[in-house]
Amino acid sequence: MSVLPPPPANLARYTERRVLITGGGSGIGQACVLRILAEGGHVVAADISPEGLADTVTKAGDAGERLQTVVMDVGDEESVRHGVAEAVGLLGGLDTLVNAAGILRSSHLTQTTLADFELVLRINLVGIFLVTREAIGALQDGKGPAVVNFSSTSAHFAHPYMAAYAASKGGVLSMTHALALEFAKAGIRFNCVQPGSISSGMTDGTGESRQSVGPGLPEDADYSLFGKVAPMLPLDGGAIFAAPDAVAGVVAMLGSDDAYFITGTEVRIDGGSHM
Ligand SMILES: NC(=O)c1ccc[n+]([C@@H]2O[C@H](COP(=O)([O-])OP(=O)(O)OC[C@H]3O[C@@H](n4cnc5c(N)ncnc54)[C@H](O)[C@@H]3O)[C@@H](O)[C@H]2O)c1
């Protein structure tokens with residue numbers, strides 16, 4: 001049975017497009033895979049987690065015939081070199097790259113190890129550099145090529161206990177702007193999304209990000225510091241986290257020809273929590 005979210009009527013923007021999505025085994029990356037498949041795309045979902053990728057294939061249902069998977073660690077140069085080459089080979093080219101893979105580690109500054117700080121930067125920021133560098137040649141030969149990177153509301157707005165994560169996402173924002181200009185004349189568009197308060201493995205405690213750090217925030221976290229993270233827009237049942245498809249629809253737009261005149265910018269998707 002397919003659990004693909006139905007795209008709005010008549011939206012089939014990806015029937016001619018070949019798409020690589022990192023972090024495609026969970027949460028928002030998985031929602032992007034399902035959304036772009038629902039719009040007719042040919043997709044390679046890449047992730048460090050084979051179990052996550054298997055879950056994505058199951059959820060793709062019949063559309064799974066246009067979905068292939070590659071196990072890849074975005075923080076490892078060799079893995080990225082092989083993984084991107086394999087993905088481009090499977091797709092026969094590349095038109096859209098979605099860099100969604102990421103992790104969260106949160107802790108007090110004084111309890112943050114150098115290893116954890118560097119790991120967050122390695123996966124969230126260096127990972128996007130590595131994947132994009134390996135994919136850029138194929139994108140240059142693609143149709144209406146576009147890259148959508150994952151920044152975060154934490155790039156612009158203070159999120160306590162997340163210095164490394166915020167720094168990585170600020171870096172993604174700046175890198176996206178730099179690459180947008182560098183490749184503007186080549187016609188490759190670079191944009192980023194800045195989600196906030198989205199239900200995913202990262203925020204509900206089921207994902208990789210939580211496995212090594214328990215429930216997430218430090219046990220003695222001062223929750224009064226989080227006054228600005230609750231969405232203002234109403235969600236079903238009074239929920240405070242939106243479903244991942246709230247982001248996937250925007251990613252699908254930015255990665256398609258609908259966004260042909262948009263580059264070097266960002267879209268915040270947080271239900272108005274940071275207005
Ligand atoms: N959920 C939110 O509220 C929120 C807010 C802002 C930004 N984001 C960003 O959205 C993106 C998706 O995260 P999510 O919230 O869906 O979390 P998630 O944990 O559900 O998904 C992250 C995926 O990335 C994969 N991944 C982790 N390390 C990897 C590696 N080294 N190589 C390849 N894949 C790896 C994981 O296996 C997982 O499938 C991340 O970049 C995250 O920082 C999420």
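Predicted model: local features only at pLDDT ≥ 70, side-chain atom pairs only at ≥ 80, totals over all residues.
**Exercise 1. Which residues does T176 touch, not counting residues up to four places away in sequence?**

*Solution.* Residues are numbered from 1 along each chain as its sequence is written, and side-chain values use heavy atoms, with hydrogens and water left out.

Step 1. Look for contacts, meaning heavy atoms within 4.5 Å. Setting aside residues up to four places away in sequence, T176 touches N149, F190, N191 and C192.

Step 2. Now look at the side chain. One of its polar atoms, in T176, lies 2.6 Å from the backbone oxygen of V172. A polar contact is a pair of N or O atoms within 3.5 Å; within protein, one must be able to donate a hydrogen and the other to accept it, and residues adjacent in sequence count only if both atoms are side-chain atoms.

Step 3. Check the cover. T176 is buried, with a relative accessible area of 0%. Buried means under 20% relative accessible area, exposed over 50%, and partly exposed in between (1.4 Å probe, protein chains only).

**Exercise 2. How many residues does the largest nonpolar core have?**

*Solution.* Step 1. A nonpolar core is a set of buried Ala, Val, Leu, Ile, Met, Phe, Trp, Tyr and Cys residues joined through side-chain atoms within 4.5 Å.

Step 1. The largest one has 41 residues, and L20, M72, V84, L94, L139 and F190 have the most contacts inside it.

Step 2. At least two residues of this core come from each of strand 2 (42-47), helix 3 (77-91), helix 4 (114-140) and helix 5 (163-182). Helix 4 gives the most, with 9 residues.

Step 3. Another core, of 31 residues, lies apart from it; I28, V193, A242 and V247 are among its members.

Step 4. As background, nonpolar side chains tend to be buried together in soluble globular proteins.

**Exercise 3. Is V247 buried or exposed?**

*Solution.* Step 1. V247 lies in helix 8 (residues 245-254).

Step 1. V247 is buried, because its relative accessible area is 0%.

Step 2. Leaving aside neighbours within four places in sequence, V247 is in contact with I28, F150, V193, P195, I198 and I269.

**Exercise 4. Which residues surrounding the ligand are the closest?**

*Solution.* Step 1. A residue is near a molecule or strand if one of its heavy atoms lies within 4 Å of it. The ligand is surrounded by 29 residues, the closest being S26, I28, D47, Y165 and S200.

Step 1. Look at oxygen atoms of the ligand. One is 2.6 Å from an N or O atom in the side chain of D47. An oxygen atom is also 2.9 Å from an N or O atom in the side chain of K169, and for a polar backbone atom of I198 the distance to a ligand oxygen is 3.0 Å.

Step 2. Taken alone, the ligand exposes 830 Å², of which the protein buries 96%. Accessible areas come from the Shrake-Rupley method with a 1.4 Å probe; for residues, only the protein chains shown count as cover.

Step 3. Helix 1 (27-38), helix 5 and helix 6 (201-204) are the elements giving two or more residues to the shell. The largest share, 3 residues, comes from helix 6.

Technical notes
Helix = DSSP H or I, 4+ residues; strand = E, 2+ residues; numbered from the N terminus.
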